[in-house]
Structure formats: C-alpha cells, structure tokens
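Here is a short briefing to read alongside the coordinates. Have the viewer open and follow the strands first, then the packing around them.

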Amino acid sequence: MKIVLLEPLRVPDETIAELSLALKDKGYDFESYSERTTDPKELAERTKDADIVIIANSPYPKESFENADQLKLINVAFTGTDHVDVKYATENNIKVANSSGYATQAVAELTIGLTMGVYRSLAQGNEDVRLAEDFPGLIQGQEIHGKTVGILGMGDIGLATAKLFIAFGAKVIAYNRSESQEVKDLGIEYKSLDEVLSESDIVSVHLPLTDSTKHLLDAEKLALMKESAILINVARGPIIDNQALADALNNDNIAGAGIDVFDTEPPLPSNDPLLNAKNALLSPHIGYLTDEAMVKRAKIVFDNVLAFLDGEPKNLVN
C-alpha cells in the first residue's frame, strides 16, 4: 500500500515525519513531494502508483488520476473539494475525503479582520501614513458594535463567525437551508435571503459552492442591500457575481467589500473587475492560512488515512 503526499502542507518537515511515522510502522510506503505543481501531467506521474494520495488546493482533474489503477482514496487537505473531479472519482469507485473543520477559527477571524479593514480603511490608512509630509488627513470609520450582521450559511464557520460578531456587540441574523437550536439559543434569528440582505449592515458569506449557490448574489440580490452596507466573502468566489459586485461598489450602491476569494486563484488576471472596484479590500485567499490551522489540517489528513486503512473511513464527500 502506497500513500503519496502530492504537495507540501505548509508545516515543518518534522511534523510530516512525525505524522507519517504511524504509517511506516504499519509497513505502508509513504512518499512526499516538497514542491507544489499544478501541471496535470506531473500530478499524474506522482499519482500513478499510489493507493492513497493527499492533495491540498491544487487543481486535481481526472487527467491527473485516470490512469492510476490502484488509487482508492483522494484525501483532500482542504475543506472544499470543487478543485477535484469528484464526479469522475465516484464513477470509478475512488473515495474522496476532505479536512473539514481545520480552518474554522482562522476563517472566522479573517472575517472580522476584513470587516474592520473595510470599516476603518486600514489599507488606505497605511498608504496615507507612508506619504509623510503629504499626509492627506484622517479617515473617519465605523464600529461593528450595534450593527446588524447577516450570516449567509450557518455551518461551523458561519457559527464561529457569528459568535465573534456577537462578542463585538452586533446583532446577528442568518440565512441557512436548515435551522439549529444552538443558533437560536444565541439569539440569532433565521430569515429569508432577501430579508437578510435588505436588513443587514454587514453581510458575511459562508456558503459552500454548489450549482444552486453559484452567482447566488447577482445584481438583483446585491441591489437589495443598503447603500451603507458592506459585503464580506471568505467562502468561494463564484458565489458572488463579481462583475455585479464591482458595479455595485463603483456606483455607490453598497459601501464596501472585503473579499478573500475570487473566480480564480490569485494572481488575478488584469481584467478582473474587483481589481478596479472602489472600497474593496482584497486578500489573496488566506482565510485558512494560519500556523495553527495548518497543523490541525495535517493531523486531520493523516487521521483520514489511518481511518481509511483501518476500514473506518472518515470525512468522505462521496
């Protein structure tokens, strides 16, 4: 049985050595690659003899594993699996697991960071201070306290984010397909999507990307938001029609946006509409990327492998 780590997991080599020791002690062959690649042919070469592969967020199309006759599990070191051809894997009896939960706190905290960044114009303030004698003056911001925050998607990350906003003194309302008593016990009221969009001062997106959520926030839905409202997206870029968002920002239909996810992974093409949108604070998809989250992720990944080998697979998505 051969297990292959196809790309680095952003933890020290010592951590990988420690976590892989249990596999080696059981007599399994473990191989890891220290350089990331997005070349399907190179990924296919790395995959060809594997029974189990571990991949993070590099695209993993069927071309990368369709000739891997021994492959039994694609172990995704990421919460989302839309970069993996899960459909083809399922059709060929290959299981796919994810690492849900490793970045819950990290993403929730970045949501607060982006909100404060937009409300207090932190990026602009940094540039202004560096102008020295040409300093243009102070920017007056806003507080989270007392605002109504609309959470779209009340899974683990949405719930963790809601708790942080409540700690700041905000009122939280939520849109979700199902309702949870834990959420209600926090004083959070479930509402329709249109109600959340129209009533919120801050809208924070925490939905998965599916056929039904792609461009869920289009021009029509964005038009429901207050002119004074801001939009935060740390989930998946295509949930929002980003051309429509750029238009809403440039036309002052909403006041600002904090965006960590895009239609493609950074670096963005020069014609991406958000690059020239007013009052948009952009971060390069780092919501999940903290020292603590990376260690949690690595532990979950290797736990997935051991569970699968023991005949009790965990975190399967197909």
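In this predicted model, strand β4, helix α3 (residues 86-91) and strand β5 form a β-α-β unit that is right-handed.

**Strand pairing around β4**
- On one side of the story is strand β3 (residues 52-55), which pairs with β4 in the parallel sense over 4 bridges.
- Within that pairing, Ile55 has Val76 of β4 as its bridge partner.
- Strand β5 (residues 95-97) also runs parallel to β4, and 3 bridges join the two.
- Here Ile74 is the residue that stands opposite Val96 of β5.

**The two faces of β4**
- Side chains in a regular strand alternate between the two faces of the sheet.
- In β4 (residues 73-76), Leu73 and Asn75 lie on one side, while Ile74 and Val76 lie on the other.
- All four of these residues are buried, so both faces of the strand are covered, buried being under 20% relative accessible area.

**Nonpolar cores**
- The largest nonpolar core has 68 residues, and Leu9, Tyr60, Ile74, Met154 and Phe165 touch the most other members.
- Helix α11 (residues 291-309) supplies the largest share of this core, with 8 residues.

**Tyr60 and its contacts**
- Leaving out residues up to four places away in sequence, Tyr60 touches Ile74 and also Ile55.
- Other contacts of Tyr60 include Leu6, Leu43, Val53, Phe65, Leu71 and Val84.
- Thr47, His83 and Asp85 are also touched by Tyr60.

Methods
Residues numbered from 1 in each chain as written. Predicted model: local features only at pLDDT ≥ 70, side-chain atom pairs only at ≥ 80, totals over all residues. Heavy atoms only, no water. Core = buried A, V, L, I, M, F, W, Y, C linked by side-chain atoms within 4.5 Å. Buried < 20%, exposed > 50% of the residue type's maximum accessible area, 1.4 Å probe, protein only. Contact = heavy atoms within 4.5 Å. Pairing = 2+ DSSP bridges. Right-handed = clockwise from strand over helix to strand, strands pointing away.
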